[in-house]
Amino acid sequence: MPRKDKSKLIVKSNRLIEASYRLNLVEQQIVLFAICLSREEQRGLSPDTPVTISATAFAAQFGTNETKVYGQLKEAIDSLYKRSVIIHDTDPKTGKARVTETRWISDKSYIDGAGQIQITFANRIIPFISRLESEFTSYRLEKIGRMTSAHAVRLYELLVQYVGLGTRELEIAWLKAILQLTDEYPRPDNFKRRVIDVAVSQINVHTDINISYTQRKTGRMVTHLIFMIKSKLDPKAKPPKIDNAYVEKHARPGESYDQALRRLLEERGQTCIF
């Protein structure tokens, strides 16, 4: 895979995706962008080495106002430093259910003269976002880069891993717990209108999947949401061949033929013409 593609790839353990935490949108963007940078620099995440984020690069990635972004980043890492995440797994020695609470980051720094921030991920969280295993979900940063709802990002993570099945049923109480909204929106209709409907709309507009949902009752109470998930990409459709005519048609102003060819191949995740 070309390096350009790798830099945009997010890999997070499904245990972390389904953990209980609440981050605002900028905090989530910082975490995801830091993961991307560590992959781009091909050095991995380390509890001893901070990840440096440039305000200029961050603004370019997420379409943020560059004149205000550095202040937003400083404010966001101040709050991120205080955040924790609760992870549910199994203790390897006893085989019993284990609940672990850990910080996201162990330290934070500002570099005012350079317009940069630095964060170091906590040692306990790194294994959940750095390993490549079958239980992990991968998605590209640009898929969520234009969403404005933090809950939309979380819901996308929960659903995109089920796109192959086409459906996923989520208990409302469980969903509110992992979003840390247990004490908010006591009425299911308010939760659906204020959180779920907003998230569904943004996912459908900005990402590579379309979703809709129905509800299921237990007795008279709505207790579950059943999501239908469909990829926007037709798996049977083959992309057009990148030949001379295709390159000439899709070349950008100022690009040479070779530059356009390399860009089009990278966008396809290819290294040669087929």
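Residues 24 or more positions apart account for 61% of the contacts in the protein with a separation of 6 or more; contact here means heavy atoms within 4.5 Å. The model is a predicted one, in which local features need pLDDT of at least 70 and side-chain atom pairs count only at pLDDT 80 or more, while totals for chains, interfaces and linings use all residues. Residues are numbered from 1 along each chain as its sequence is written, and side-chain values use heavy atoms, with hydrogens and water left out.

**The whole protein**

Begin with the complete chain in a cartoon view. The secondary structure comes to 11 helices and 10 strands. Helices (H or I, at least four residues) and strands (E, at least two) are DSSP runs, numbered from the N terminus. Of the 274 residues, 42% count as buried, where buried means under 20% relative accessible area, exposed means over 50%, and partly exposed lies in between (1.4 Å probe, protein chains only).

**First stop: the sheet β2-β6-β5**

Select β2, β6 and β5. These three strands form an open sheet in that order, and the pairing is antiparallel; two strands pair if DSSP finds at least two bridges between them. At the edges stand β2 (51–54) and β5 (105–111), each with a single partner strand, so one side of each has no neighbour in the sheet. On average, neighbouring strands of this sheet are turned by 20° against each other, direction ignored.

Next, display β5 together with β6 (residues 116–121). Six bridges join these two antiparallel strands. In β6, I117 stands opposite Y110.

**Second stop: T120**

Remain in strand β6 and select T120. Is T120 buried or exposed? T120 is buried, with a relative accessible area of 2%. Which residues are in contact with T120, leaving aside its neighbours within four places in sequence? They are S46, P47, D48, T49, P50, I105, S106 and D107. Draw a distance from T120 to P50: the two are 70 residues apart in sequence and 4.3 Å apart in space, C-alpha to C-alpha.

Show β8 beside β10 (residues 221–231). The two run antiparallel and are joined by five bridges. The bridge partner of E169 in β10 is I226, and that of E171 is H224.

Display the side chains of β8. In a regular strand the side chains alternate between the two faces of the sheet. The covered face of β8 has R168 and L170, and the uncovered one has T167, E169 and E171.

Select Q180, which is placed in the loop between α8 (172–178) and α9. The phi of Q180 is near 55°, a positive value in a residue other than glycine. Q180 is partly exposed, with a relative accessible area of 34%. Y185 is placed in the loop between α8 and α9 as well, and its phi, near 50°, is also a positive value in a residue other than glycine.

**Last stop: the largest cavity**

On a 1 Å grid over the protein atoms alone, a cavity is a set of points where a 1.4 Å probe fits but cannot get out, and lining residues have an atom within 4 Å of a point. Grid points are joined across faces, edges and corners, and a volume is the space filled by probe spheres set on the points. How many cavities of 30 Å³ or more are there? The count comes to three.

The largest cavity has a volume of about 60 Å³. To see its lining, select Y21, R22, L23, Q28, A150, H151, R154 and L179. Helix α7 (residues 150–160) gives the largest share of this lining, three residues. By class, the lining has four nonpolar, two polar and two charged residues. Ala, Val, Leu, Ile, Met, Phe, Trp, Tyr, Cys and Pro count as nonpolar, Asp, Glu, Lys and Arg as charged, and the others, Gly among them, as polar.

Definitions and conventions. On a 1 Å grid over the protein atoms alone, a cavity is a set of points where a 1.4 Å probe fits but cannot get out, and a pocket is an open set with protein on both sides within 12 Å along at least five of seven lines; lining residues have an atom within 4 Å of a point. Axes are lines fitted to C-alpha atoms, for helices over the stretch in contact, and angles run from 0 to 180 degrees between N-to-C directions.
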